[in-house]
Amino acid sequence: MASRPELQAPPEIFYNDDEARKYTSSSRIIDIQAKLSERALELLALPDDGVPRLLLDIGCGSGLSGETLTDNGHQWIGLDISQSMLDIALEREAEGDLILGDMGQGLGLRPGVIDGAISISAVQWLCNADKSSHEPRIRLKAFFGSLYRCLARGARAVLQVYPENLAQRELILGFAMRAGFSGGVVVDYPHSTKKRKEYLVLTCGPPSLSSATPKGKGEDGESGSDEDSSDDEENQSVSVSDRHRPRKKQKLNKKVKGREWVLRKKEQMRRKGNAVPLDTKYTARKRKARF
Amino acid sequence: MRLLTHNMLSSNIKGVTNGFPLRIEVEKVVEKEVDLNMDFLRNMFAKIEWKALVEASRTMGYSELPDDAESSMLDSDEFLRKFHHALLELHLEEGALVCPETGRKFPVNKGIPNMLLHEDEV
Ligand SMILES: C[S@@+](CC[C@H](N)C(=O)[O-])C[C@H]1O[C@@H](n2cnc3c(N)ncnc32)[C@H](O)[C@@H]1O
């Protein structure tokens, strides 16, 4: 098993062009990001009135999670520390505004203006000290303090995290509480090592009926089964390089991209000033298998 | 970056007490048409710092917003259209955001402001 990405390199190094590329080429990663974001948005429990909200996506990366927000009609601002990941978001034509920034330095946003925040598989990165100047506790404090301030009163933040161990989860949750949040951890499929997912569900302001932590999925042990065994621990899979993946799978992924995708990519390359072959009836045409 | 986001961003440099609004230096503006959503505009209006939006939109070459605005104006279609355009359709593609207190420049490339702080600014 590959070790946790957090232990390999700082995020702006780990999420380089190669790693970022997987966020458009691996249908598995795309699928997992979409599922986690759907669930995070559900846990955000925005009023069911059809009004688009202004949301924050912390560690927005390639914009996959943001796409879920867009699909649900919301406006969003995304923050990420990796230029490579944000470049992918541009390529995917993410509809939110993107900011290159480090959540550990605090979010530079005005107080009380954001209607809700999500974060998918990003906040555990704060527990690492990647530079000599990094002190995880100070960075966690800066992050949660600034998150609390920029959210409207009563608004929620739902942070899906992969803590390394119990102590790390306690550390993260502790700083959230100290910043003034109420809430707790929702664990989906706690009995499945593969499907288990943790969400910090935080409400801005003192505990109330609405800040009670919702129930996790599959808590009673039902459906922790293999019904969806492809959805395994993303944190392991993202750190596995393509080289180690079964060949068949890679080929399968390629097939998914049709003519439309190829044309769009070519157009993007042209806009960047690259020399790109003309589009013809042969472009992205299926080839006969020849043996 | 749209002016919606500009209106929310403030300079986060250590010791800065009022980092809002960031001054905009324009190199390139692009306009992208998006559908107008009245509910969103109504919901946002109360949170917008109007003076900053007016100023920012003028810097970006759009000077149709009135100097002052109050919520009753949201009943006017014409006002909504202008508000919508300034907030969501003008993008700062290349340029910089400048901290009003320290003059520190945050470059904007490909529409993405680089808000990363140097170690001595944290
Ligand atoms: C598993 S990826 C999630 C990607 C994203 N949800 C998407 O749809 O592509 C985690 C992201 O967190 C970002 N990240 C890690 N540490 C960060 C920090 N201190 N500040 C901002 N972003 C950070 C990484 O750059 C990476 O893009």
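In these legends, a residue is buried under 20% relative accessible area, exposed over 50%, and partly exposed in between (1.4 Å probe, protein chains only). The model is predicted, so local features need pLDDT of at least 70 and side-chain atom pairs count only at pLDDT 80 or more, while totals for chains, interfaces and linings use all residues. Residues are numbered from 1 along each chain as its sequence is written, chains are lettered from A and ligands numbered from 1 in the order in which they are written, and side-chain values use heavy atoms, with hydrogens and water left out.

**Figure 1. A salt bridge joins B:K51 and B:D68.** A salt bridge is a side-chain nitrogen of Lys or Arg within 4 Å of a carboxyl oxygen of Asp or Glu; here the N to O distance is 3.3 Å. The two residues belong to distant parts of chain B, 17 residues apart: B:K51 is in helix α3 (residues 50-59), and B:D68 is in the loop between α3 and α4 (77-89). Helices (H or I, at least four residues) and strands (E, at least two) are DSSP runs, numbered from the N terminus. B:K51 is exposed, with a relative accessible area of 57%, and B:D68 is also exposed, at 52%.

**Figure 2. B:E64 and B:K82 form a salt bridge within chain B.** The closest N and O atoms are 3.9 Å apart. Because B:E64 lies in the loop between α3 and α4 and B:K82 in helix α4, the pair ties together parts that are 18 residues apart in sequence. B:E64 is partly exposed, with a relative accessible area of 44%, whereas B:K82 is buried, at 18%.

**Figure 3. Helix α3 of chain B has a buried set of residues.** This set consists of B:W50, B:A52, B:L53, B:V54, B:A56 and B:S57. The buried residues of the helix pack against α1 (3-6), β1 (23-31), α2 (38-45), α4 and β2 (90-98) of chain B. Just after the helix, B:G61 takes a positive phi of about 90°.

**Figure 4. B:F83 belongs to the largest nonpolar core.** A nonpolar core is a set of buried Ala, Val, Leu, Ile, Met, Phe, Trp, Tyr and Cys residues joined through side-chain atoms within 4.5 Å. The largest one has 72 residues, and those with the most contacts inside it are A:L56, A:F143, A:F144, A:L147, B:F83 and B:L97. Contact means heavy atoms within 4.5 Å. Apart from neighbours within four places in sequence, B:F83 is in contact with B:L41, B:F45, B:I48, B:W50, B:L53, B:L65 and B:L74. In soluble globular proteins, nonpolar side chains tend to be buried together.

**Figure 5. Chain B and chain A meet at an interface that includes salt bridges.** In this interface, 29 residues of chain B are in contact with 31 residues of chain A. The two chains bury about 2,500 Å² between them, 56% of it on carbon and sulfur atoms; buried area is the accessible area (1.4 Å probe) that two parts lose on being put together, summed over both. In chain B, the residues B:M8, B:K47 and B:I112 lose the most area to chain A, together 24% of what that side buries. There are four salt bridges between the chains. One of the pairs between them is A:D87, in helix α6 (residues 83-91) of chain A, and B:K110, in the loop between β3 (105-109) and β4 (112-113) of chain B, with an N to O distance of 2.9 Å.
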